Amino acid sequence: MAAQFRDQDQLLSKMATGNGHGEDSPYFDGWKAYDKDPYHPTKRPNGVIQMGLAENQLCFDLIQEWLMKNPEASICTPDGVENFNGRALFQDYHGLPEFREAIAKFMGKVRGGRVKFNPDRIVMSGGATGASETMAFCLAEPGDAFLVPTPYYAGYDRDLRWRTGVQLVHVVCESCNNFKITKSALEAAYENAKEDNIRVKGLLITNPSNPLGNILDRETLKGIVSFINEKNIHLVCDEIYAATVSTNQPNFISVSEVIEEDIECNRDLIHIIYSLSKDMGFPGFRVGIVYSYNDAVVNCARKMSSFGLVSTQTQHLIASMLSDDEFVDRFLAKSKERIETRRKVFIQGLARAGISCLDGNAGLFVWMDLRILLKDRSFEAEMELWKVIINEVKLNVSPGSSFHCLEPGWFRVCFANMDHNTMEVALSRIKTFMHQIKDQNREVKELAKKTCRQNSLKLSLSRRRVDDFLMSQISMSPHSPIPQSPLVPART
Amino acid sequence: MEKENRSRQVLSRIATNDQHGENSPYFHGWYAYERNRFHPTQNPQGVVQMGLAENQLCFDLVEKWIKENPNASICTREGANKFKEIAIFQDYHGLKEFTHAVAKFMEKVRGNRVTFDPDRIVMSGGATGANETIIFCLADPGDAFLVPSPYYPAFGRDLRWRTGVQIAPVDCHSSNGFRLTRAAVEVAYKKAQESNINVKGLILTNPSNPLGTTLDMETLKSLVAFVTEENIHLICDEIYSATVFSSQRFISVAEVIQELEHCNRDLIHIIYSLSKDLGFPGFRVGIVYSYNDIVVSSARKMSSFGLVSSQTQHFLTSLLSDEEFVDNFLSESKKRLAKRHHDFTTGLEQVGISCLKGSNSGLFFWMDLGPLLKEQTFEAELKLWRVIVDDVRLNVSPGSSFHGLEPGWFRVCFANVDDQTAEVALERIRTFVLDNGKKGDEGR
């Protein structure tokens, strides 16, 4: 009989005592700064503005209006309470049939009616978080890997890997070609894994992309589908930002459309992750969806959904809301319009401040290029700049390295989780900051002139670049040497 | 076929094995029910569902409360101004008011004899998610947990499927009323150790499913002492805690550890849910409550995979914060469960069928049909079960599905039907027993 108490390390699982959850990262500094001093227009006008949360807060007025007209959508109103008993008891992991039908219809509408989704393939999960993990559990063994293009949503490190033991292998995407997912990058990643004896089970893409805020063109998507068919690996498409794509060209193309046209494609390899967190703005309701074209996966994912079903109270509400065709059509149109307007205004504001963003018409954020502001082309410099943005400019933006971007200097900035006035405040702070830098550089320049023999190391690169940039269009620089990713062994 | 094989090859082992437990013969009962559901007027000859441990006896109270409290919903005129704030809330700590309300409710269920810290309340995807999460936190693949049998069938999936952890059963016998003893736990523990199985803990379901009994203070104390001595975990699944309907009160492990000076609290964890006590399985409200800070922290991070819908958190906060409602609900629920239990067990006794003595809780009773078995084997039990499902038309659950050691026991749920249906079901069993007499061995 052991008299002593063992260490917690031995007492608990490796999972509980390890870092697989990914939360011990420096990026939480931004969150802490915000929590300590959150912006408020009157109470805390100098507080930190939250621009690190990809939320869609632009259309709640439409939702509220609909709720008032549809009291039976709730099981807690006098009109809906007769359903309470039945819903409270219903725990069938198939979900309410009306819920599945409404979701399938909604997904079809989001894709402009160009594809149809089968309600029997709709499987619930605990948000998109749960959906991603479920996919990994169904498709891969511990030690297997998924290819994932960089930069990517940081939560994948936890969702795909933590409890599953699955690895992620980066597909390197570069700014020189707008972070396009190229065939050669896919092949290189696949070969790298093979050389390390890592078995690749699939490729995970996010389309529309987080953090890039753009969509894949048809050619790229077709190339991806060919690639996975050729290698006989799975393709998991996270399409949770599908309805955030503007109505201007180019249109969003879902993998579901591409496979309709491709008769050679093995549909057993195709799976979609979806959620209502971004398109509807309901992250709190935990409506995650796994949609697979593979019957065995549907079956397995459904059994796993017991670990994260959607509350029937919420299923009932969503079924009601999304079955209302007229409301959905109006919501989608208005939502796209408002996101697009917000995006445009924001990008123009940034441009006036002398900052450019990656071209894109999707997502709830922009991928901002601040490379010219870096002291040098390093992630240390990026972190330094980020700390300045948080602590002095008072904006919680997300540094590119938190998305495993392999080139320093990029930042994701969210714009749809605030009202218009707050966005204007954010833009003016950015503008002020950029002018301050310009002024500082001008002062330094004049000082250097006075003491012309003095060698100012700090001047040269950034100052020249800021001046050049402010005076002319930015031109993409040739790609910098890619620093080592911690997830893939060293390459030359 | 070839395509199917090729397809199965590209999936994980988890996806293609049977550990989810659903390819079992017990689904025959479900199918029989689904095909031919009982209805008092539309289908009076249909199958009565007695395999679902649901609590349907107090919905009238909840419905009345809902009508009187429109603020509880974010979809009413009164509550809609909170819709946006709730819809965007995804913090895995949960709504503060929610964790407070749940903690308070758990205290009331235990007669306010203990206090629960809201900061230790962690959400999960139902008790299903809670059980899996706690195992992920405490054990590595290949490790094992001791589980007294008979036990809830889905433990096979919840504890083992995706975690890779094993179940080491602790045998309980009818000779002492299936009471769990420290001695039985020690036997199972030793057996596992001799097979080089690394036991990480013991799981108790208290009140017990399927037995419908609770553990006494002495037993609980001895088990807490055991785990402390062996430095293994104790997980107490207390999801039926408010279904204790007799005067013999429920004793939670939370009370026990308050009284014990030498107990390592880092080993103690409680699983809870609102599925049984309130009758809300559809709302997926699972709770992990741990006295171990690292477990709380880790389970909370894992809760991202199965948070409670904020819409539901908001509603329940309101409901559970209404002390008058809660007090009335808990006392009414007890009364109605007690009556239903009494009606069934005395009705069966009258025809010579006994149920486990000392049952004082749960939404079911553990019925002894051993006297009706042709022979004391599980084959005979399954045969009898099929007769009950197909001819008597009652979907009860055979003891073998709970991994019991002794054939002839059946779990019969009584709280998921109305009074009329309950009467019909009771009548059918009595008729069947009287028609068939006692076959095989003389009494038990």
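Predicted model: local features only at pLDDT ≥ 70, side-chain atom pairs only at ≥ 80, totals over all residues.
Two strands count as paired if DSSP finds at least two bridges between them.

Let's begin in chain A, with strand E10. E10(A) covers residues 365–369. Is E10(A) mostly covered or mostly open? Mostly covered: 5 of its 5 residues are buried. Now look at the side chains. Phe365(A), Trp367(A) and Asp369(A) point one way. Val366(A) and Met368(A) point the other way. Both groups are buried.

Who are the neighbours of E10(A)? One is strand E9 of chain A, residues 356–357. E9(A) and E10(A) pair in the antiparallel sense, over 2 bridges. Strand E13 of chain A, residues 410–414, is another partner. E13(A) also runs antiparallel to E10(A), and 5 bridges join them.

Met368(A) takes part on both sides. Cys357(A) stands opposite Met368(A). In E13(A), the bridge partner of Met368(A) is Phe411(A).

Step back to the whole of chain A. It is divided into domain 1, residues 17–59 + 335–437, and domain 2, residues 60–328. Their C-alpha centres lie 26 Å apart. The contact between them takes 33 residues from domain 1 of chain A and 40 residues from domain 2 of chain A.

Now chain B. Here the assignment gives domain 1 as 2–61 + 326–438, and domain 2 as 89–323. The two centres, taken over C-alpha atoms, are separated by 24 Å. Domain 1 of chain B puts 34 residues into the contact, and domain 2 of chain B puts in 43 residues.

What does the UniProt record say about chain B? An unreviewed entry lists residues 49–429 as "domain: Aminotransferase class I/classII large". Over that stretch, the chain is 41% helix and 15% strand. Its end C-alpha atoms are 13 Å apart.

One helix in chain B deserves a stop: H7, residues 126–138. H7(B) has 13 residues and reaches 19 Å from first C-alpha to last, close to the expected 18 Å. Why is H7(B) called largely enclosed by the rest of the structure? Because 13 of its 13 residues are buried.

Last stop, the core. The largest nonpolar core has 323 residues. Those with the most contacts inside it are Phe84(A), Phe83(B), Leu146(B), Phe280(B) and Phe315(B). Take Phe315(B). Leaving aside neighbours within four places in sequence, what does Phe315(B) touch? In chain A, Cys76(A), Phe84(A) and Gln313(A). In chain B, Trp65(B), Ile66(B), Ala72(B), Phe280(B) and Phe283(B).

How values were computed:
Residues numbered from 1 in each chain as written. Chains lettered and ligands numbered in written order. Heavy atoms only, no water. Helix = DSSP H or I, 4+ residues; strand = E, 2+ residues; numbered from the N terminus. Expected span 1.5 Å × (residues − 1). Buried < 20%, exposed > 50% of the residue type's maximum accessible area, 1.4 Å probe, protein only. UniProt positions renumbered as here; feature names shortened; annotations may be inferred. Core = buried A, V, L, I, M, F, W, Y, C linked by side-chain atoms within 4.5 Å. Contact = heavy atoms within 4.5 Å. Domains from an automatic or database assignment.
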